[in-house]
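I opened this entry to log what I looked up in the model. The items are in the order in which I took them.

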Amino acid sequence: MIRAHAIIFDFDGVLLESEFEGNKQLAELLTDLGHRHSVEEALSYYVGLAGPDFVATIERRIGAPLPAEFHERRKEQSIRALREGVRAVAGAVDFVQSLPLELPKAVASSSSTRWLRGHLQHLGLTDAFGEHVYSGREHVERGKPAPDLYLHAAGQLGVPIDQSVIIEDSEVGATGALASGATVIGLAAGTHCLDGHAEMLRSLGVEHVATSFDEVRRLLDLA
Amino acid sequence: MASAAERRQQILDNIARAAGLARRDPAEVRLIAVSKGRSVEEIEPLIDAGQQDFGESRVQEALAKWPQLQQRYPHLRLHGIGRLQSNKAGDAVELFDSIHSLDRSSLLDALVREAEKAQHFPSIYVQVNVGEEEQKGGCEIGEIGEIVAAVRSSPLPLAGLMAIPPLGVEASPYFALLAKLARRHDVSGLSIGMSGDYQAAVMLGATAVRVGTALFEDQ
């Protein structure tokens with residue numbers, strides 16, 4: 001059993017199905033532009049990449065530069081997602097809402113606070129996290145996989161990192177979470193988690209891996 | 001069974017992938033093949049596959065294998081990665097292009113003396129005992145500043161910091177700690193990560209990974 005004095009949540013892919021939805025839209029957009037992609041292919045090749053690396057990886061795969069239309073439509077997709085919301089990972093909202101009010105909790109994500117706060121509002125979780133919503137782009141100099149964002153979040157919660165639990169789904173996030181010295185629960189509950197996701201997390205050294213929030217609840221003895 | 005070249009390519013691909021995930025340039029990461037305990041016959045296929053950096057722990061063993069290989073392949077770089085006694089400093093500076101285990105001022109003095117004699121100046125990693133283990137080599141965290149400053153004022157180039165985390169526990173917090181210490185002392189090189197954890201090390205800032213088993217044996 002894991003004893004948590006605080007819980008720090010990654011966001012995209014842990015609380016929000018944005019990894020799956022984003023890659024589904026990416027696959028559709030690339031297919032529209034003449035470069036046929038399934039959502040599984042997009043998830044396999046592009047998850048975890050951002051900025052110039054993301055663009056360069058796609059261009060390498062399709063063997064051509066991405067047209068301006070790609071960037072315009074990606075921007076539109078992001079604006080629409082923030083306006084209309086994205087569904088939660090199964091069980092995520094219930095799990096957060098069922099946690100004791102006095103248990104310190106935070107979101108620590110590579111996304112912007114604008115994205116995080118917007119979606120927390122859609123999910124009805126704004127009050128659950130209060131001011132403890134932290135962005136690797138805004139609150140620390142070095143984002144994930146450096147452990148700095150988790151250390152910052154734990155510091156803001158006033159809980160030592162070695163008494164904190166971090167819930168992460170990605171390779172980059174779990175690496176940084178392990179490096180912080182916290183107890184890490186690897187979550188393979190999102191639709192984006194293909195076969196082998198739990199094994200990937202274990203191979204990184206994540207001792208506790210859950211495939212649903214019910215399992216997380218059991219690991220934390222909150223059942 | 002995979003060939004040495006295939007195993008090496010797999011590791012280079014993994015390094016590139018881990019670097020990409022951390023938004024790093026894979027070219028910043030040097031793969032050092034740890035060849036201690038390996039014969040010349042095991043080493044040569046890796047050289048043929050393009051491997052240029054090799055690491056040896058013991059001076060005696062390296063002396064038996066490398067002078068001939070270095071003559072035949074003058075572009076190779078040999079790294080001394082094991083604990084080093086001062087009385088081996090002469091052989092070490094002649095053999096190695098880089099020494100990863102400087103952990104005390106007296107050893108630096110011996111290396112400088114011998115380097116000036118040989119007119120060969122290997123670059124130096126300061127080894128840090130990040131896990132504060134009694135039996136482990138490496139200087140204490142509190143000594144880094146002094147030793148780094150001593151290397152900087154010596155004729156030996158400072159390559160970075162090196163650490164071997166404690167066995168049997170998660171290595172990542174120690175990698176992150178060493179990266180933080182390197183930033184604090186304005187040092188850019190980080191020699192961390194071995195066969196089991198080099199991908200995490202790359203994500204956390206390694207500029208040199210020391211891989212033996214995964215290069216020489218099928219996993």
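**Conventions.** I am working on a predicted model, where local features need pLDDT of at least 70, side-chain atom pairs count only at pLDDT 80 or more, and totals for chains, interfaces and linings use all residues. Residues are numbered from 1 along each chain as its sequence is written, while chains are lettered from A and ligands numbered from 1 in the order in which they are written. I took helices (H or I, at least four residues) and strands (E, at least two) as DSSP runs, numbered from the N terminus.

**Helix pair in chain A.** I looked up how α1 (residues 18-32) and α2 (residues 39-46) of chain A sit against each other. Their axes come within 8 Å and cross at roughly 110 degrees. Axes here are lines fitted to C-alpha atoms, for helices over the stretch in contact, with angles from 0 to 180 degrees between N-to-C directions. That makes α1(A) roughly perpendicular to α2(A); the class runs from 65 to 115 degrees, with under 35 roughly parallel, over 145 roughly antiparallel and the rest oblique. I noted the crossing of α1(A) and α2(A) as right-handed, meaning that the near helix is turned clockwise from the far one by less than a right angle.

For contacts I used C-beta atoms, placed from the backbone, within 7 Å. From α1(A), A:Asn23, A:Lys24, A:Leu26 and A:Ala27 meet A:Val39, A:Glu41, A:Ala42, A:Leu43 and A:Tyr46 of α2(A). By class, this contact has six nonpolar, one polar and two charged residues. Nonpolar covers Ala, Val, Leu, Ile, Met, Phe, Trp, Tyr, Cys and Pro, charged covers Asp, Glu, Lys and Arg, and the others, Gly among them, are polar.

**Faces of α6(A).** Which residues of α6 (residues 113-123) of chain A are buried? I found A:Trp115, A:Leu116, A:His119, A:Leu120 and A:Leu123. Buried means 20 or more other C-beta atoms within 10 Å of the residue's own, exposed 12 or fewer, and partly exposed in between. Just after α6(A), I noted A:Gly124 with a positive phi of about 75 degrees.

**A:Ala4.** I found A:Ala4 in the segment before β1 (6-9) of chain A. A:Ala4 is buried, with 24 other C-beta atoms within 10 Å. A:Ala4 touches A:Val165 and A:Leu220, not counting residues up to four places away in sequence.

**Chain contact.** I counted 12 residues from chain B and 14 residues from chain A. On the side of chain B, α7(B) gives the largest share, four residues.

**Backbone.** Most residues other than glycine have a negative phi, and most peptide bonds are trans. I logged a cis bond between A:Lys144 and A:Pro145, with omega about 15 degrees. A:Pro145 is in the loop between β3 and α8 of chain A. A:Asp221 has a positive phi near 55 degrees and is exposed, with 10 C-beta neighbours inside 10 Å. In chain B, B:Asp186 has a positive phi near 55 degrees and lies in the loop between α7 and β7.

Key: Two residues are in contact if their C-beta atoms, placed from the backbone, lie within 7 Å.
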